[in-house]
Amino acid sequence: MQRTQVGHAPFRRTGWVEVRPARLDDGERLRAFLAGLSLASQTRRFFTGLANPGGSLVRTMITRDERRDVLLAVHGDTVVGHAMSHLADGEVEIAVVVGDDWQNLGVGSRLVRTLLRRAAARGATSLGMDVMAENRKVLSMVRKAWPDATMRVESGCVMVKSDTIFAEQGSVGSPLTV
């Protein structure tokens with residue numbers, strides 16, 4: 001797997017981060033990661049807080065199959081980011097969360113980029129994601145990375161759809177294009 005040096009902001013964590021597929025033995029590492037997220041980060045990812053991430057949730061978040069892909073960003077033996085996708089009828093839906101101390105260092109972008117490459121290899125032709133309406137940082141990133149994406153607001157959630165992301169393969173553009 002690919003490792004990247006991160007750590008440009010002062011007072012942030014630094015070091016090598018590896019992005020790799022989740023394994024069944026990652027359960028406890030993922031549970032610790034989820035429990036360590038701030039309430040704000042938990043809410044942006046799950047639309048609610050997680051008092052104690054249960055075994056069922058953790059198993060779901062590390063299970064990969066023909067439709068689901070799961071990637072972890074790890075620093076040493078510690079999970080610092082999680083990304084998952086679900087592929088159905090050519091559309092891949094993605095969800096990503098990065099640990100509070102690792103945000104704004106490129107970890108999330110790397111997770112998304114890798115997840116989309118893998119989805120394209122499995123036949124994805126369009127992208128979908130749900131973003132909380134108040135998550136301005138991600139919505140701004142989506143507008144910049146995929147200017148042709150459609151965004152529809154529904155019950156405080158922005159439904160993002162893009163058919164152009166996979167047509168850009170091999171091109172040089174925003175950090176989130178494949």
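Biologist: What volume does the largest pocket have?

Modeller: The structure is a predicted model. In it, the volume of the largest pocket is about 860 Å³.

Biologist: Which residues are the closest to the centre of the largest pocket?

Modeller: The lining of this pocket comprises 29 residues. Those closest to the centre are V96, V97, N135, V138 and M141.

Biologist: Which element gives the most to the lining of the largest pocket?

Modeller: Elements that give two or more residues include helix 2 (39–46), strand 4 (78–88) and helix 4 (107–121). Strand 6 (126–132) and helix 5 (136–145) are also among them, as is strand 5 (91–98). With six residues, the greatest contribution comes from strand 5.

Biologist: Where is confidence lowest and where is it highest in the protein chain?

Modeller: The chain has an average pLDDT of 85, and 84% of its residues score at least 70. The lowest confidence, a mean of 50, falls in strand 1 (residues 2–6), and the highest, at 97, in strand 3 (residues 68–75).

Biologist: How many contacts beyond near neighbours in sequence does the stretch of residues 169–178 have?

Modeller: The pLDDT is below 50 over residues 169–178. Where pLDDT is low, predicted coordinates should not be read in detail. In the model, the contacts of residues 169–178 beyond near neighbours in sequence number 23.

Methods
Residues numbered from 1 in each chain as written. Predicted model: local features only at pLDDT ≥ 70, side-chain atom pairs only at ≥ 80, totals over all residues. Heavy atoms only, no water. pLDDT = per-residue confidence, 0-100. Helix = DSSP H or I, 4+ residues; strand = E, 2+ residues; numbered from the N terminus. Contact = heavy atoms within 4.5 Å. 1 Å grid on protein atoms, 1.4 Å probe; cavity = no way out; pocket = protein on both sides within 12 Å on 5 of 7 lines; lining within 4 Å. Points joined across faces, edges and corners; volume = space filled by probe spheres on them.
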